[in-house]
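User: I'm new to this one and would like to learn how to read it. Can you walk me through it, starting with charged pairs?

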Amino acid sequence: MPKLELLPAVDVRDGQAVRLVHGESGSETSYGSPLEAALAWQRSGAEWLHLVDLDAAFGTGDNRALIAEVAGAMDIKVELSGGIRDDASLAAALATGCRRVNLGTAALETPEWVAKVIAEHGDKIAVGLDVRGTTLRGRGWTRDGGDLYETLARLDSEGCARYVVTDIAKDGTLQGPNLALLRDVCAATDKPVVASGGVSSLADLRAISLLVPEGVEGAIVGKALYAEAFTLEEALKAVAA
Ligand SMILES: O=C(O)c1ccccc1NCC(=O)[C@H](O)[C@H](O)COP(=O)(O)O
């Protein structure tokens with residue numbers, strides 16, 4: 001059985017690595033230099049980095065140059081997220097050399113464009129399905145954007161390669177992942193799913209690992225690493241077992 005991939009997160013707001021609670025603007029705790037954080041995860045053995053431009057997601061500017069610097073400094077695979085909504089932002093994201101990008105708002109607001117870029121870029125495109133209940137949220141998770149399962153069916157029919165699934169109610173709270181949501185999404189698609197939001201312990205990671213046979217491919221871990229609930233080395237060992 002393939003092991004669960006772990007993607008330590010670096011979310012960038014106003015040039016700083018931050019953690020949010022429920023993804024809410026204004027709930028930031030700052031953790032200093034995004035580059036230092038990313039290099040630390042790489043040194044600890046990460047194979048992936050989940051790198052988010054929160055300003056681009058919220059429409060409060062962007063950290064494009066810094067994101068490019070961080071992505072360019074990585075020897076590991078990078079997944080980029082936040083505010084990738086049109087040809088210019090997609091081109092800038094792909095030019096960083098990242099392995100893939102997550103589209104969120106665009107999948108809700110400009111589905112034709114998303115279908116086009118899925119056709120052009122294949123598995124370089126993933127779609128972030130960020131939900132409250134089963135309602136998708138866009139624009140930095142501030143606006144409703146339709147039904148999770150209807151959107152998933154549409155994206156599947158367009159050949160979307162992968163989904164990053166976040167329960168916003170869990171994100172940044174250290175309350176544990178929404179395993180039922182992950183199971184339900186895996187049952188609704190044959191495509192791999194990356195779990196995001198709420199991981200609090202090694203037990204949570206082991207619980208997500210048990211969903212690998214159902215289609216969960218990876219887990220994004222943010223707050224738990226910054227709060228030192230466990231180390232990345234411990235997490236990598238836990239999912240390798
Ligand atoms: O990814 C986005 O585009 C985004 C937009 C608006 C608010 C937050 C956003 N992402 C947050 C993340 O991807 C978190 O890093 C991730 O869910 C980790 O959560 P946690 O382990 O609970 O800190």
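Analyst: A salt bridge here means a side-chain nitrogen of Lys or Arg within 4 Å of a carboxyl oxygen of Asp or Glu. The idea behind it is that side chains of opposite charge can pair when their charged atoms come close. Keep in mind that this is a predicted model.

User: How many salt bridges does the structure hold?

Analyst: There are 12. One of them joins the side chains of Lys3 and Glu47, at 3.6 Å from N to O. Lys3 sits in the segment before strand 1, while Glu47 is in the loop between helix 1 (34-43) and strand 4, so this pair ties together parts 44 residues apart in sequence.

User: Now the ligand. Which residues come nearest?

Analyst: Out of 21 residues around the ligand, the nearest are His50, Asp171, Gly172, Ser196 and Gly198. For polar contacts, look for N or O atoms within 3.5 Å of each other. A ligand oxygen is 2.6 Å from a side-chain N or O atom of Ser196, and for the side chain of His50 the distance is 2.8 Å. Gly222 uses its backbone instead: one of its polar atoms there is 2.9 Å from a ligand oxygen.

User: How much of the ligand does the protein bury?

Analyst: Alone, the ligand exposes 530 Å², and the protein buries 95% of that. The space the ligand takes is the largest cavity.

User: Which elements give two or more residues to the shell around the ligand?

Analyst: Those are strand 1 (5-13), strand 4 (48-53), helix 2 (54-58) and strand 12 (216-221). By class, the shell has 10 polar, seven nonpolar and four charged residues.

Note on methods
Residues are numbered from 1 along each chain as its sequence is written. This is a predicted model: local features need pLDDT of at least 70, side-chain atom pairs count only at pLDDT 80 or more; totals for chains, interfaces and linings use all residues. Side-chain values use heavy atoms; hydrogens and water are left out. A residue is near a molecule or strand if one of its heavy atoms lies within 4 Å of it. A polar contact is a pair of N or O atoms within 3.5 Å; within protein, one must be able to donate a hydrogen and the other to accept it, and residues adjacent in sequence count only if both atoms are side-chain atoms. Accessible areas come from the Shrake-Rupley method with a 1.4 Å probe; for residues, only the protein chains shown count as cover. On a 1 Å grid over the protein atoms alone, a cavity is a set of points where a 1.4 Å probe fits but cannot get out, and a pocket is an open set with protein on both sides within 12 Å along at least five of seven lines; lining residues have an atom within 4 Å of a point. A molecule sits in a cavity or pocket if more than half of its atoms lie within 2 Å of its grid points. Helices (H or I, at least four residues) and strands (E, at least two) are DSSP runs, numbered from the N terminus. Ala, Val, Leu, Ile, Met, Phe, Trp, Tyr, Cys and Pro count as nonpolar, Asp, Glu, Lys and Arg as charged, and the others, Gly among them, as polar.
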